[in-house]
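Grab a pencil and work through the exercises below. Try each task yourself before you read its solution.

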Amino acid sequence: MTKEERAKFKEMSTEEKETYKAKRKEEAIEAFNKSELEHDYKINDKRVAYEKRGGLSFAWFKFTQLGFWQAIRRWWNKFKHLHPEGAKLIYQVFYFLVFSNGVTIWQYLVMLFLPNLIGEGLAAVEFVWPQAELWTWGDGTKMIFGIFNEPVKYAADGSVLIGGGVGNFIAFEIAVFTAQCINFPLQRNITFKSHGNPWWQALWYFIGWVLISIFVNAVWGFIGPVFSHLITDTKAITDLLKTFITGGLSMIIFFFIFKIIFPEGEAKKKEEN
C-alpha cells in the first residue's frame, strides 16, 4: 500500500476493511492468472527457439521447466501478487545478503595477500590510537584499547610478523574500500533498483562508510586484543575474525542506510514519467 492507501485504510470500519482486503485479493489473483498466461506464451516461444538451437541450451531450458522449479516459480509469483511489500523485502534481503557476503569474502582474500605485498617495513610501525589501557592480564600484559588498533606483531625470535602495524591498517582499509566500490553498484542497481542521483547517493554512501568504519574499528579495537591474548595469534585467524566481525556489523547497519539513500518508489516514478 502507498501512504495514502494506508491512511484511508486506517479510517475504514471493520466491515469496510474486510471488503477492501477481499477486493485487493481478488485483483491480485486476477493479475497472477494474467501473468501466468503471459508466461506460458513466452515459454512456448522460447521452447520453439531452443528446440531449433538444441545442445546444452535446450537441455538447460528443459531442466528449468521441471515440475519442482515451476512449482517454486508459481508459488513466488503468486506470493508477489498477494503480498507485494513482503515479496519486495524478501527480494531485497536475499540479494543484500548475497552481495554483502560476496564482498566480505573479497575483503578476506585481499587481506590474505596485500599485507605481504606492502611488506615488513610498514608492519614494523605501530598504529594504535587512542592508546587506552583498560586492564592488566594475569601474565602481566596490558589490555590496550584503540579505535585504530594495529600493534606490531612479533615472532618468538623477535622478528616482525606480517599482519600488524600500519601495513595491516592500510591493507584492511584498501580491502574494505574496494569491497564497497563493488558493493555500491550491485546494491543500488539490483537489490534496491534505485533510479536516484548516483553521485548524491555515492556521497552519502561514502559518509556512511567512514562513520561505520570508525564504529566497527572501535569494536575490533576491543575484541581484537582479547582474541590475540586468548587464542593462537596467527594471521589467518585474526584476518578471518576481523573481516567477518567488522563485515557483519557493517552489513547490518548498511541495510538500513541503503533503505534511506535508495528510497522506495523511485522506480515507479520513473515508469510513470
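**Exercise 1. Place Gly247 in the fold and decide: buried or exposed?**

Step 1: Gly247 sits in helix α9. Helices (H or I, at least four residues) and strands (E, at least two) are DSSP runs, numbered from the N terminus.

Step 2: Gly247 counts as buried because its relative accessible area is 9%. The cut-offs are under 20% for buried, over 50% for exposed, and partly exposed in between (1.4 Å probe, protein chains only).

Step 3: Now pair Gly247 with Glu173: they are 74 residues apart in sequence, and 12 Å apart in space from C-alpha to C-alpha.

A note before you go on: this is a predicted model, where local features need pLDDT of at least 70, side-chain atom pairs count only at pLDDT 80 or more, and totals for chains, interfaces and linings use all residues. Residues are numbered from 1 along each chain as its sequence is written, and side-chain values use heavy atoms, with hydrogens and water left out.

**Exercise 2. Find where confidence is lowest and where it is highest in the chain.**

Step 1: Start with the average, a pLDDT of 88, with 94% of the residues scoring at least 70. pLDDT is the predictor's confidence in each residue, from 0 to 100.

Step 2: Helix α10 (residues 266–272) has the lowest confidence, with a mean of 50, while helix α4 (residues 67–82) has the highest, at 96.

Step 3: Where pLDDT is low, the predicted coordinates should not be read in detail.

**Exercise 3. Describe the surroundings of Gln187.**

Step 1: Look in helix α7 (residues 165–191), which is where Gln187 is found.

Step 2: Gln187 has a relative accessible area of 0%, so it is buried.

Step 3: Check its side chain, which makes a polar contact of 2.7 Å with the side chain of Thr191. A polar contact is a pair of N or O atoms within 3.5 Å; within protein, one must be able to donate a hydrogen and the other to accept it, and residues adjacent in sequence count only if both atoms are side-chain atoms.

Step 4: Leaving out residues up to four places away in sequence, Gln187 touches several others, including Tyr95, Phe99, Ser100, Lys193 and Phe258. Contact here means heavy atoms within 4.5 Å.

Step 5: Ser100 is buried because its relative accessibility is 5%. With residues up to four places away again set aside, Ser100 touches Asn183, Gln187 and Met251.

**Exercise 4. Examine the second largest pocket.**

Step 1: About 550 Å³ of space lies in this pocket. It is lined by 26 residues, and Asn149, Pro151, Gly224, Pro225 and Ser228 are the closest to its centre.

Step 2: α8 gives the most to this lining, with five residues.

**Exercise 5. Look at the backbone at Pro130 and Lys193.**

Step 1: The peptide bond from Trp129 to Pro130 is cis, with omega near -15°. Pro130 lies in the loop between β1 (127–129) and β2 (132–136).

Step 2: Lys193, in the loop between α7 and α8, has a positive phi of about 45° although it is not a glycine.

Step 3: Most residues other than glycine have a negative phi, and most peptide bonds are trans.

Conventions:
1 Å grid on protein atoms, 1.4 Å probe; cavity = no way out; pocket = protein on both sides within 12 Å on 5 of 7 lines; lining within 4 Å. Points joined across faces, edges and corners; volume = space filled by probe spheres on them.
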